[in-house]
Amino acid sequence: MELYEMKLINYKVEHGKLLRISVEFQGDRITQIRITGDFFVHPEESLFEIERLLIGKRVNEIKPVLRYFVRTKGVQLVGFSVEDLVEALNLAMVDKETQA
Amino acid sequence: MKWRLLPMMELNGAMQMAIDEAILTARARHKVPNTIRFYTWKPSCVTIGYFQSAQQEVDLEKAKQAGVDVVRRYTGGGAVLHDNEVTYSIVLTESDVPSNIIDSYKKLCLPIVYALRLLGLKAEFAPINDILVSGRKISGNAQTRKQGVVLQHGTLLLKVDIAKMFSLLKVPNEKLRDKVIERASARVTSLEQELGRSVAVDEVIAALEKGFTAVLGISLERGKLTRFESELAKRLAREKYATKEWSFMR
């Protein structure tokens with residue numbers, strides 16, 4: 001049986017806010033994720049939808065999914081962008097983090 | 001345009017957050033006009049942003065020992081120790097602010113910038129959501145939008161105690177704690193520090209009232225919470241803001 005480990009990553013967005021992501025991967029697929037931090041998302045509930053959207057996805061396929069979600073739902077991400085979130089998850093895959 | 005100005009309230013964190021939400025709900029139901037209020041915190045309180053984790057951000061044991069409440073806000077943003085400060089909240093219809101969030105922060109922060117200038121300080125709005133004096137943060141702000149209504153609340157520091165702040169707040173990487181504290185000391189300021197004298201809450205509130213009326217082009221009519229608002233606030237404080245489910249939601 002394979003054991004999966006929850007990774008914690010702090011990703012400080014340049015001129016932006018801090019993303020703190022707890023994520024579990026199975027291979028390169030996300031199996032669990034929780035995004036916390038001092039950013040803003042409007043409407044707020046969209047962040048929970050984003051977390052749900054990411055489950056089961058490969059990191060290399062999430063950018064268009066998130067961009068489409070943000071655009072069609074009129075979501076405003078303040079203090080980070082879709083690209084920052086993808087970059088943070090890429091770093092989580094290789095176990096690196098940026099310092100706040 | 002006439003807005004309502006509520007009396008200064010000194011209450012605990014759960015109740016302050018509950019009142020802000022109750023006003024937002026009352027505004028959404030067209031029961032009250034756009035509203036401004038000023039408040040202070042008793043006991044001192046750490047609020048965390050809507051998306052933050054209390055365990056990640058706050059030393060809960062030390063907060064308990066120090067008699068400091070910990071409450072999750074309805075708004076995003078970072079963890080704040082509310083100690084020696086004046087807090088304001090503005091509730092207004094969404095159509096009264098730009099749809100872009102940062103533009104709306106600017107619109108609602110400019111009255112505070114104006115108030116600081118009245119107090120003799122050279123202040124400026126610093127996107128995303130801060131106000132600086134001499135390049136150092138003196139005010140942080142956070143907003144949410146629900147049912148066509150904007151709630152923005154923010155702080156204006158009277159006095160700052162970085163050591164106390166960081167005895168209660170955790171830092172993302174404990175190995176860098178000293179560096180983070182050093183950086184925060186250089187980046188945060190207060191009215192007392194900038195003016196070289198202690199400043200009374202009333203003096204600050206008077207300047208803020210002038211700031212809001214002058215910059216937003218409104219008149220303020222003194223009013224009080226409606227029965228709907230105070231009953232809803234008491235219920236929200238009890239059933240939401242003071243509960244473990246809410247505090248430890250993330």
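## A nonpolar patch on chain B

Helix H4 (residues 101–118) of chain B gives the largest share of the nonpolar patch, three residues. The patch itself covers about 310 Å² and is made by Leu110(B), Tyr114(B), Leu118(B) and Val215(B). Here a patch is built from residues with over 30% relative accessible area and no salt bridge, where nonpolar side chains (Val, Leu, Ile, Met, Phe, Trp, Tyr) are joined within 5 Å and like charges within 9 Å. Areas come from the Shrake-Rupley method with a 1.4 Å probe, and for residues only the protein chains shown count as cover. Helices (H or I, at least four residues) and strands (E, at least two) are DSSP runs, numbered from the N terminus.

Leu118(B) sits in helix H4 of chain B and is partly exposed, at 44% relative accessibility. The words work like this: buried is under 20% relative accessible area, exposed is over 50%, and partly exposed is in between (1.4 Å probe, protein chains only).

## How to read this model

This is a predicted model, in which local features need pLDDT of at least 70 and side-chain atom pairs count only at pLDDT 80 or more, while totals for chains, interfaces and linings use all residues. Residues are numbered from 1 along each chain as its sequence is written, chains are lettered from A and ligands numbered from 1 in the order in which they are written, and side-chain values use heavy atoms, with hydrogens and water left out.

## A positive patch

Which residues form the positive surface patch? They are Lys12(A), Lys179(B), Arg183(B) and Arg187(B). Lys and Arg count as positive and Asp and Glu as negative, with His and the chain ends not counted. The place of a charge is taken as NZ of Lys, CZ of Arg, CG of Asp or CD of Glu.

Helix H6 (residues 177–187) of chain B supplies the largest share of this patch, three residues. Arg187(B) belongs to helix H6 of chain B, and with a relative accessible area of 53%, Arg187(B) is exposed.

## Salt bridges

How many salt bridges are there over all chains? A search of the whole structure finds 19, each being a side-chain nitrogen of Lys or Arg within 4 Å of a carboxyl oxygen of Asp or Glu. In one of them, Lys240(B) pairs with Glu21(B), and the closest N and O atoms are 2.7 Å apart. Because Lys240(B) lies in helix H9 (residues 227–241) of chain B and Glu21(B) in helix H1 (residues 13–28) of chain B, the pair ties together parts that are 219 residues apart in sequence. Lys240(B) is buried, with a relative accessible area of 15%, and Glu21(B) is buried too, at 9%.

Glu209(B) and Arg222(B) form another salt bridge, with the closest N and O atoms 2.9 Å apart. Glu209(B) lies in helix H8 (residues 201–216) of chain B and Arg222(B) in strand S12 (residues 219–222) of chain B, so this pair links parts that are 13 residues apart in sequence. Glu209(B) is buried at 18% relative accessibility, whereas Arg222(B) is exposed, with a relative accessible area of 64%. Glu239(B) also bridges to Arg238(B), where the closest N and O atoms are 3.7 Å apart. Through shared partners, salt bridges join Arg235(B), Arg238(B) and Glu239(B) into one network.

## Buried residues and cysteines

The structure holds zero disulfides over all chains; a disulfide would be a pair of cysteine sulfur atoms within 2.5 Å. Cys45(B) is buried, at 0% relative accessibility, and Cys109(B) is buried, at 0% relative accessibility.

In chain A, Leu47(A) is found in helix H1 (residues 46–54) and is buried at 0% relative accessibility.

Most residues other than glycine have a negative phi, and most peptide bonds are trans. A cis peptide bond joins His42(A) and Pro43(A), with omega about -10 degrees. Pro43(A) lies in the loop between strand S4 (40–42) and H1 of chain A. The bond from Pro127(B) to Ile128(B) is cis as well, with omega near 20 degrees.

Ser134(B) is not a glycine, yet has a positive phi of about 50 degrees. Ser134(B) sits in the loop between S9 and strand S10 (136–146) of chain B and is exposed, at 54% relative accessibility. Gln147(B), not a glycine, has a positive phi of about 50 degrees. Gln147(B) lies in the loop between S10 and strand S11 (149–157) of chain B, and Gln147(B) is exposed at 56% relative accessibility.
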